[in-house]
Amino acid sequence: MTATDAFSAGQSTQGFHPRPDAVEMPALSIEGVSHAYGSRRALIDIAFSVAPASFTALLGLNGAGKSTLFSLITRLFGIQHGRIGIFGHDVAQAPGEALRLLGVVFQPRTLDLDLSVTQNLLYHAALHGIGRRDARARSGEVLARIDLADRAGSKVRDLSGGQMRRLEIARALLHRPRLLLLDEATVGLDVKARADILNHVRQLVAEQGISVLWATHLFDEIGSNDDLVVLHQGRVLAQGKVARVIADAGGSDINTAFMRLTGSTAQSGSSTS
Amino acid sequence: MTSAAMTPIQRGFSLAEYLTCLNGIVWREALRFLHQRERFISALVRPLVWLFIFATGFRQVLGLSIIPPYETYILYEVYIAPGLMAMIQLFNGMQSSLSMVYDREMGNMRTLLVSPLPRWFLLSCKLLAGTAVSLLQVYAFLLIAWFWDIAAPPTGYLTVLPALVLSGLMLGALGMLISSGIKQLENFAGVMNFVIFPMFFASSALYPLWRILESSPMLYYVCLFNPFTHAVELIRFALYGQMNWIALAVVGGCTIAFMIGAILAYDPSRGLIRRGPAGGET
């Protein structure tokens, strides 16, 4: 079984059960958010939303402000200006309710390398108040789904980079969030591992109705039907369906549209970068 | 989005969820401790070196009068045992602090901080977990000391437990507060030089305060205002089934103050934790 097959298997077992409070609410709403590190402005009046059960790509070069935005959404940083809502829960006012609906895969690895695969999952479950018995059952499910059941007792440091990323995604889904944030989740992985992870996340959207915000600087990770937000030097330059953004920018594809929008000649958005 | 739309159902958290979270954090801390056997050994070797080598030699040099809580003349080893117990907790608190800085550098800290449970609760759990680990170390030390004929009254092993919990919380909270201000792991050596050593040596751990007063009144006052002195005295009295109320008040007050400081420092809107993205992030 390949990793992709493994990702595909059993997706429907978790099921998609919309919550009453999720109806008619954007999965994520960013309203007039600005953030500065001292005198350096990292985000300037950011505003966009992520629709329920959609895949939204957040495209930006290194330094665009993607990780800062993620830190604000996850409440690692305090919100200086503006408002962030997750299914209507204000992150600043009701962080517990907001974070409960959120799964996150950060750019740097956040697994505990000295613990086993299962121990990492159980620890995450405990942090979300999930009891040991339920957590063990869920861990078994997700490990089977990502084809790591035979590595359940292995130390995380013994896994490959792709396996660690799959484990991080599985961990982020353990508490059954409705919104999944992934910050440059494929950085440092080979082509196949990247494709597997991207396919897996798209299946989560299609089959489980999970909303995804996928931060990337790689054009080839963006599909033609995706929603797209272009972030550059802390500002949102464009947002909407990919085809619309390309047309409005007067480009022939995402690459040229991005270059026109940013006035850049940088090639760092190519798939081989 | 209208503000009317921002009124979803708020479920809150049950007591069971809080307890599960506490259990998980303590369990993870215990696992890490067990995985790091060298940490356990070094935590024991340090006070045992003081007890078996330093105290044995010093016994001949330093005369001790009868001072509370002792009711008779005692060996120097007996005198410094409470100080060494506190030293174990001091090092453990700083080790926890180092661990938090390391977790922050490596990214593990995010796993904790993005938990939906309140941050003050998460930090309190972390503190309790560190204190629990320090208790294991202290009781292992007491067991070895007992074989060396350095024994407290049998009930003292129980009566000292609340004092150890409180002093462990105070020193852990101090470590947590310090960790919030350390930007890089490399800076941690400074903690050794500017926190651990001065706190330990400028206290009643190794010498009675009256002895220090005879030598240097200024140092006496430094020791008197050192919260570690009061942690040592709280443990010393509790080990003999007695209560030192001043020590209790100081240790309790400092625990609350350090904990509030740490919670504020880790508060995302006010905190001292690094506000820029980690290296390589944007």
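## Helices α5 and α6 of chain B

In this predicted model, α5(B) and α6(B) meet through two sets of residues. From α5(B) come B:Leu123, B:Leu127, B:Gly130, B:Thr131, B:Ser134, B:Leu135, B:Val138 and B:Leu142. From α6(B) come B:Tyr157, B:Leu164, B:Val165, B:Gly168, B:Leu169, B:Gly172, B:Ala173 and B:Met176. By class, the contact of α5(B) with α6(B) holds 11 nonpolar and 5 polar residues, and no charged ones.

Helix α5 of chain B covers residues 119–147, and helix α6 of chain B covers residues 156–181. Their axes come within 8 Å and cross at roughly 130°. That angle makes α5(B) oblique to α6(B). The crossing is right-handed.

## Helices α2 and α5 of chain B

Helix α5(B) also packs with helix α2 of chain B, residues 37–58. Here the angle is about 40°, and the axes are 10 Å apart. The two helices are therefore oblique to each other. The crossing of α2(B) past α5(B) is right-handed.

On the α2(B) side, the contact uses B:Ala43, B:Leu44, B:Pro47, B:Leu48 and B:Leu51. On the α5(B) side, it uses B:Gln137, B:Ala140, B:Phe141, B:Ile144 and B:Ala145. The contact of α2(B) with α5(B) has 9 nonpolar residues, 1 polar residue and no charged residues.

## Chain B as a whole

Chain B contains 11 helices and 0 strands. Its pattern along the sequence is α-α-α-α-α-α-α-α-α-α-α. Of its 282 residues, 43% are buried. Among contacts in chain B with a separation of 6 or more, 78% join residues 24 or more positions apart.

## The six-stranded sheet of chain A

Chain A has an open sheet of 6 strands with mixed pairing. The strand order is β6-β7-β8-β3-β9-β10. Strands β6 (102–105) and β10 (235–241) of chain A stand at the edges; each has a single partner strand, so one side of each lacks a neighbour in the sheet. Neighbouring strands are turned by 15° against each other on average, direction ignored.

Within this sheet, β3(A) (residues 55–59) and β8(A) (residues 211–216) pair in the parallel sense over 5 bridges. The bridge partner of A:Leu58 in β8(A) is A:Ala215. Helix α7 of chain A, residues 161–173, packs on the sheet and touches β6 and β7 of chain A. Its direction makes about 165° with that of β6(A).

## The four-stranded sheet of chain A

An open sheet of 4 strands in chain A has the order β2-β1-β4-β5 and antiparallel pairing. Strands β2 (40–50) and β5 (89–90) of chain A stand at its edges; each has a single partner strand, so one side of each is left without a neighbour in the sheet.

Strand β1(A), residues 28–37, pairs with strand β4(A), residues 81–86, in the antiparallel sense over 5 bridges. In this pairing, A:Ser34 stands opposite A:His81 in β4(A).

## Helix α3 of chain A

Which strands does α3(A) lie across? Helix α3 of chain A spans residues 66–73 and lies across β3, β7 (179–183), β8 and β9 (227–232) of chain A. Helix α3(A) runs at about 145° to β7(A). Helix α3(A) also lies across β1, β2 and β4 of chain A. To β2(A), its angle is about 65°.

How values were computed
Residues are numbered from 1 along each chain as its sequence is written. Chains are lettered from A and ligands numbered from 1 in the order in which they are written. This is a predicted model: local features need pLDDT of at least 70, side-chain atom pairs count only at pLDDT 80 or more; totals for chains, interfaces and linings use all residues. Axes are lines fitted to C-alpha atoms, for helices over the stretch in contact, and angles run from 0 to 180 degrees between N-to-C directions. Angles under 35 degrees count as roughly parallel, over 145 as roughly antiparallel, 65 to 115 as roughly perpendicular and the rest as oblique. A crossing is left-handed if the near helix is turned anticlockwise from the far one by less than a right angle, and right-handed if clockwise. Two residues are in contact if their C-beta atoms, placed from the backbone, lie within 7 Å. Ala, Val, Leu, Ile, Met, Phe, Trp, Tyr, Cys and Pro count as nonpolar, Asp, Glu, Lys and Arg as charged, and the others, Gly among them, as polar. Two strands pair if DSSP finds at least two bridges between them. A residue is buried if 20 or more other C-beta atoms lie within 10 Å of its own, exposed if 12 or fewer, and partly exposed in between; C-beta atoms are placed from the backbone.
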